[in-house]
Amino acid sequence: MTAESGLVVATYSRRMGLRLSDGKEVDARIKGKRLRPVCGDHVEAEPIRNETDWLITRIHGRSNELRRPNLRGKIEVLAANIDRLLVMAAGTPQPDWAIVDRYLCAAELISVAAAVVYNKSDLPADTSLDEVLADYDRIGYVTVRCSAKSGDNLELVSSLLSDGVSIIVGQSGVGKSSLINRLLGDQQQRTASISGKTGEGRHTTVNSALLQLPGGGAVIDSPGVRDYAPALQPEDVAAGFREIASAAQNCRFANCNHLREPGCAVKQAVDDDMISKRRYDSYRHLLALTRKLNAKRY
Ligand code: GDP
Ligand code: ZN
């Protein structure tokens with residue numbers, strides 16, 4: 001039996017959906033207890049004699065991992081080899097831009113491209129929205145306003161996602177599932193039938209799935225991915241705010257935290273309106289939060 005390479009496209013606790021290099025999708029089990037493949041993983045697998053199942057024997061090196069601490073505080077990998085993170089906000093629930101900044105920070109730290117999508121454009125927006133989105137534009141993030149309900153600007157979202165593997169994150173209720181369903185169109189039925197399939201030994205609930213979009217590209221979706229809270233270290237936070245990291249090169253002290261230090265180029269840039277006050281406040285808030293969480297852990 002010869003090994004083949006495949007892509008993990010669904011996970012059901014210890015079972016996986018695998019897409020082989022010829023495009024065929026098969027069920028797979030995992031060899032041993034130590035291997036923990038996740039959606040987006042490129043793996044090596046071999047057919048099991050007299051069975052339809054395949055066996056995953058090896059996980060190829062990952063370009064990145066989406067991680068979060070689980071309930072026992074252990075780091076859990078949610079997905080691998082992500083090309084893009086779409087952070088979604090909307091008029092309702094009340095947007096919390098600090099949450100958007102936290103996701104953008106996490107994306108920056110694992111070197112994943114990120115974009116900000118404001119959904120529910122069919123509803124009236126807060127007057128501050130233009131300025132908030134303009135700030136993101138200014139520091140190089142793609143921003144889109146769309147409506148999963150009316151269809152407004154969905155071609156733009158679809159083209160944004162049209163290559164590679166993306167994930168969509170954001171507060172609960174902003175419209176992530178609605179957007180994914182709308183983008184999937186007819187294929188929505190297919191995913192529903194995958195999760196409903198009951199075969200011998202097969203878990204009926206999909207933990208996560210890599211969904212191929214009709215307009216190109218794919219989205220990894222799972223409840224855990226949708227509202228994952230990135231685990232950040234205090235010393236990483238400044239690096240995750242790209243405009244702060246860039247201004248920080250001119251701070252007097254190499255270990256400047258950009259809070260009260262003299263000769264801080266970041267605070268100067270905020271005073272000069274080169275860095276948005278809102279993003280700077282977000283940075284300070286996230287730094288304080290990660291310090292507090294870290295202090296608890298030790
Ligand atoms: P999720 O928790 O982020 O996955 O959000 P859902 O997709 O479940 O959507 C939450 C609610 O917002 C549902 O009642 C949707 O019908 C509604 N919703 C989603 N997209 C839009 C939109 O573009 N416009 C409006 N008005 N409502 C939307
Ligand atoms: Zn500084």
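1. A word on terms to start: helices (H or I, at least four residues) and strands (E, at least two) are DSSP runs, numbered from the N terminus. Asn50 has a positive phi of about 60° although it is not a glycine. At 78% relative accessibility Asn50 counts as exposed; here buried means under 20% relative accessible area, exposed over 50%, and partly exposed in between (1.4 Å probe, protein chains only).

2. Some ground rules before you read on. This is a predicted model, in which local features need pLDDT of at least 70 and side-chain atom pairs count only at pLDDT 80 or more, while totals for chains, interfaces and linings use all residues. Residues are numbered from 1 along each chain as its sequence is written, chains are lettered from A and ligands numbered from 1 in the order in which they are written, and side-chain values use heavy atoms, with hydrogens and water left out.

3. Two more backbone spots deserve a look. Most residues other than glycine have a negative phi, and most peptide bonds are trans. Asn153 has a positive phi, near 60°, and lies in the loop between strand 10 (142-145) and helix 3 (154-160). Asn153 is partly exposed, at 28% relative accessibility. The peptide bond from Thr92 to Pro93 is cis, with omega near -10°, and Pro93 sits in the loop between strand 8 and helix 1.

4. Now the metal site. Which residues hold the zinc ion (ligand 2) as protein donors? They are Cys251 (SG), Cys256 (SG), His258 (ND1) and Cys264 (SG), lying 2.1 to 2.4 Å from the zinc ion. Donors are N, O and S atoms within 2.8 Å of the metal (3.2 Å for Na, K and Ca); water is not among the atoms, so sites may look incomplete. The four donor atoms subtend angles of 103 to 116°, which makes the arrangement tetrahedral (four donors count as such if all angles lie between 85 and 135 degrees). Along the chain the donors follow the spacing C-x4-C-x1-H-x5-C. Cys251 and Cys264 both lie in the loop between helix 8 (242-247) and helix 9 (265-271), so the pair ties together parts that are 13 residues apart in sequence. Both Cys251 and Cys264 are buried.

5. On to the interior. A nonpolar core is a set of buried Ala, Val, Leu, Ile, Met, Phe, Trp, Tyr and Cys residues joined through side-chain atoms within 4.5 Å. The largest one has 53 residues, and Leu85, Trp97 and Tyr136 have the most contacts inside it. Helix 1 (residues 97-109) gives the most to this core, with seven residues. Apart from it lies another core, of 22 residues, including Ile168 and Leu183.

6. Strand 8 pairs with strand 9 (residues 113-119) in the parallel sense over seven bridges; two strands pair if DSSP finds at least two bridges between them. Val87 has Val116 as its bridge partner in strand 9.

7. Finally, helix 2 (residues 129-138) has Leu129, Val132, Leu133, Asp135 and Tyr136 buried. These residues cover an arc of only 150° around the axis, which puts them on the same side of helix 2; the arc is that of the directions from the helix axis to the C-beta atoms. Just after helix 2, Gly140 takes a positive phi of about 95°.

Terms used: Four donors count as tetrahedral if all angles lie between 85 and 135 degrees; four count as square planar and six as octahedral if opposite donors are over 155 degrees apart and all others between 65 and 115; anything else is irregular.
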